[in-house]
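Dear colleague,

Please find below the structure that I am handing over to you. My findings follow directly after it.

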Amino acid sequence: MNLITLLERCAQRLEDAGVSFGHGTTNAFDEAAWLTLWKLGLPLDDLDGVAERELSPGEIAAVEALVDERIATRKPAAYLTKEAWLQGVPFYVDERTIVPRSLIAEPLADGTLDAWLSADTRRVLDLCTGNGSLAVLAALAWPEVEVDAADLSAEALEVARINVDKHELAERIRLRQGDGLQAADGAYDLILCNPPYVNSESMAALPAEYRAEPELALAGGTDGMDFVRRLLRDVPAHLTEHGVLVLEIGHEREHFEDAFPHLGPAWLPTSAGDDQVLLLTREMLTTFVPEAKP
């Protein structure tokens, strides 16, 4: 059997089993390709180059066993491979953090945020850093900045440490533990935040793959805005004069606008739409008196 035949068979098995995607892939074929290539130690970006490769019985059995595990456990593939990619950059991941997939990575990596930053931007905070992926991408995007990566979870910060060291950024990324902005150290030119924002109704309906992730990093209360309310109340004190907050809220725009009807954020374009990542300057925030619904 050649590789592409096995891959197609594994994709059909994933499809028939009704597994859910969204942790690095969006469909059964891409998920099967990831698992197959990873298990065989082949480049993840060169399927065409190895598609006709003949496989040994042992290789076939190894791939099928991994697919069996994916179906039986309903764990995201990244937890099985201990690796996830964001904007082409590899990161270590395990069950101590959610699988990195923040849409903030897109405007961060493609230069969209540069227009909102001053030439004096030197301090960045990645709040709710999880496995540290956004902190690493920020440090890679702007070699002149220093980054604080903060999280409530000590276990998540253990994973972040692995990634900071993996990318040799320990001199520029500092890990800080604390509840929200309690972990901040002074004022920042840019704050990135992918907080827990999933509303309680959506949490109850999450597929098993998402329930395998730490609930602390996902659940945002009844309307998903519990963490965001505290953040917007306190964040102006942690932004420099021309500081900027970039916040991901996923599919919660309606709840965000209901909670903060007087805010007029800039919405940043992403591959998932123009209503999932927003930007607020310090000026926008300081002219806004919170009137959030309880």
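Strands S3 and S6 (residues 188-193) run parallel and are joined by 4 bridges; helices (H or I, at least four residues) and strands (E, at least two) are DSSP runs, numbered from the N terminus. Leu125 has Ile191 in S6 as its bridge partner. Two strands are said to pair if DSSP finds at least two bridges between them. In general, strands of a sheet pair through backbone hydrogen bonds, either parallel or antiparallel.

Please note that this is a predicted model, in which local features need pLDDT of at least 70, side-chain atom pairs count only at pLDDT 80 or more, and totals for chains, interfaces and linings use all residues. Residues are numbered from 1 along each chain as its sequence is written, and side-chain values use heavy atoms, with hydrogens and water left out.

The open sheet consists of 7 strands in the order S5-S4-S3-S6-S7-S9-S8, with mixed pairing. Its edge strands, S5 (173-177) and S8 (266-267), each pair on one side only.

The largest pocket holds about 1,300 Å³ of space. A pocket is an open set of points on a 1 Å grid over the protein atoms alone where a 1.4 Å probe fits, with protein on both sides within 12 Å along at least five of seven lines; lining residues have an atom within 4 Å of a point. Grid points are joined across faces, edges and corners, and the volume is the space filled by probe spheres set on the points. Of the 44 lining residues, Gly22, His23, Gly24, Arg101 and Tyr210 are the closest to the centre of this pocket. Helix H2 gives the largest share of the lining, 4 residues.

The second largest pocket has a volume of about 470 Å³. Its lining comprises 33 residues, of which Cys128, Asp151, Pro196, Leu216 and Ala217 are the closest to the centre. Strand S3 (123-127) is among the elements that each supply at least two lining residues, while the largest share, 3 residues, comes from H11.

Finally, Thr81 lies in helix H5 (residues 77-81). Thr81 is buried, with a relative accessible area of 6% (buried means under 20%, with a 1.4 Å probe and protein chains only). Not counting residues up to four places away in sequence, Thr81 touches Trp34, Leu35 and Trp38, where contact means heavy atoms within 4.5 Å.

Methods:
Buried < 20%, exposed > 50% of the residue type's maximum accessible area, 1.4 Å probe, protein only.
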